[in-house]
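Visitor: I have a model to look at. Please walk me through it.

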Amino acid sequence: MATPVNVGMIGYGFMGRAHTNGYKRCPDFFPELRHQPVLKAACARSEDKIQAFADQWGYESIETDWRKLIARDDIDAIDICVPNNLHKEIAIACAEAGKMILCEKPLAMNVAEGEEMCKAVEKAKVPHTVWYNYRRVPAVTLAKQIIESGALGRIFHYRANFLQDWTISEDLPQGGQALWRLDAEAAGSGVTGDLLAHCIDTAIWLNGTVSDVSAMTETFIKERVHQATGEKTKVTIDDACAFMCHFSNGSLGLFESTRYARGHKALYTLEINGSEMSLRWDLEDLHRLEVFDHKDEGALRGWKSVHVSDHGGEHPYMDKWWVPGLQIGYEHSFVHHVADFMKSLDEGKPCGPTFRDALETQKVCDAVLTSAKERSWENV
Ligand SMILES: NC(=O)c1ccc[n+]([C@@H]2O[C@H](COP(=O)([O-])OP(=O)(O)OC[C@H]3O[C@@H](n4cnc5c(N)ncnc54)[C@H](O)[C@@H]3O)[C@@H](O)[C@H]2O)c1
């Protein structure tokens, strides 16, 4: 019998569902783990809505106040799937209550909040992680393994984009249910914390820390109706952000994110160029890793598209799923994150990205926003 890890889920939106699916799949596909999640309680402010969510997804009980959830003796781990302005308060309360924490990204509204959160979990010594889930897409994990082997040689360039188009209409309101991302009071920032944070986390994981940045941001639509008041108010988020940076390893970085790239829904792409090899990945084709190997010789040298779907068990995570050649999808990155968290409990090791790792991304985001505001280069 595995040791149960009783999960208390806060939030039932997009991530509440994605993570719950992860908890549900973990025991079936990772049965060897000695810790396994149990859907103990779900929490949100609306009793009707959270009861419906709990019934649909199989949570044993509900709460309408996250403080009561944290106070429960039968809860071991709290999953924070609420807007960014609530992460700090909930995470610190969890640490003080000795609960494990699985916190959504970005870690916090800013670096100062993130520092407090790091101190709280480190003082309490509670297991914790931040859901930068793209690290656990097998093709991205494979890229990490290839880079760590040294096969790329000297790294010259890293570039990443995260492009969407869902806020182009001026009629779209801001703030409140489902649209909190457009309100800096709830989100902290716009595309920088929401989308670029993913690109930055992956970049730091693959290519090391960023030393300085130079950024520009734009808010294309200056006023929107706020859902809470019905009044037209100033838009406070960055709609688009582009920045260049130096990595500590001497390579150059180029990043762009927007919600105004007509036709793109969630185009997250990354590319890394080394002296010996280049790698490229695209979220819309997430099971493929494109590789150019300078060692290949002759007329057929070129980019190859590796279908990351086993190859004799060499592809990360893929031995857990179907047969070679059958790919998996977006939701599996969350299943893998849950499984890795449970494994970290088995082994008594941290599960990356830790709060401290995620703080590094927060530092880059803050430097990017300051740089755009001041029109300056900012050290991270
Ligand atoms: N890892 C990823 O790829 C990814 C993707 C999307 C969102 N996120 C992050 O996940 C978090 C949630 O985003 P989402 O897309 O799920 O948002 P969402 O709007 O779909 O859901 C937010 C949930 O929070 C609940 N909530 C709000 N205030 C609350 C309170 N005081 N007490 C209890 N519940 C409360 C709402 O009822 C809702 O269920 C954010 O931090 C976001 O940045 C991460």
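Guide: UniProt positions are given in the numbering used here, and annotations may be inferred rather than shown by experiment. This is a predicted model.

Visitor: How far apart are the end C-alpha atoms over residues 142-279?
Guide: UniProt, in an unreviewed entry, lists these residues for "domain: GFO/IDH/MocA-like oxidoreductase". Here the chain is 20% helix and 36% strand. The end C-alpha atoms are apart by 10 Å.

Visitor: Are helices H4 and H5 roughly parallel or roughly antiparallel to each other?
Guide: H4 covers residues 87-96 and H5 covers residues 111-124. Their axes come within 8 Å and cross at roughly 15°. Angles under 35 degrees count as roughly parallel. H4 and H5 are therefore roughly parallel.

Visitor: How many charged residues are in the contact of H4 with H5?
Guide: H4 contributes residues including Lys 88 and Glu 96. Among those from H5 are Glu 113 and Glu 116. By class, the contact has seven nonpolar residues and no polar ones. The charged residues number four.

Visitor: Which element gives the most to the side of domain 1 that touches domain 2?
Guide: Domain 1 spans 3-134, and domain 2 spans 135-379. In domain 1, 39 residues are in contact with 40 residues of domain 2. Helix H1, strand S2, H5 and strand S6 each give two or more residues to that side of domain 1. The most, eight residues, come from H1.

Notes
Residues are numbered from 1 along each chain as its sequence is written. This is a predicted model: local features need pLDDT of at least 70, side-chain atom pairs count only at pLDDT 80 or more; totals for chains, interfaces and linings use all residues. Helices (H or I, at least four residues) and strands (E, at least two) are DSSP runs, numbered from the N terminus. Axes are lines fitted to C-alpha atoms, for helices over the stretch in contact, and angles run from 0 to 180 degrees between N-to-C directions. Angles under 35 degrees count as roughly parallel, over 145 as roughly antiparallel, 65 to 115 as roughly perpendicular and the rest as oblique. Two residues are in contact if their C-beta atoms, placed from the backbone, lie within 7 Å. Ala, Val, Leu, Ile, Met, Phe, Trp, Tyr, Cys and Pro count as nonpolar, Asp, Glu, Lys and Arg as charged, and the others, Gly among them, as polar. Domain bounds come from an automatic or database domain assignment.
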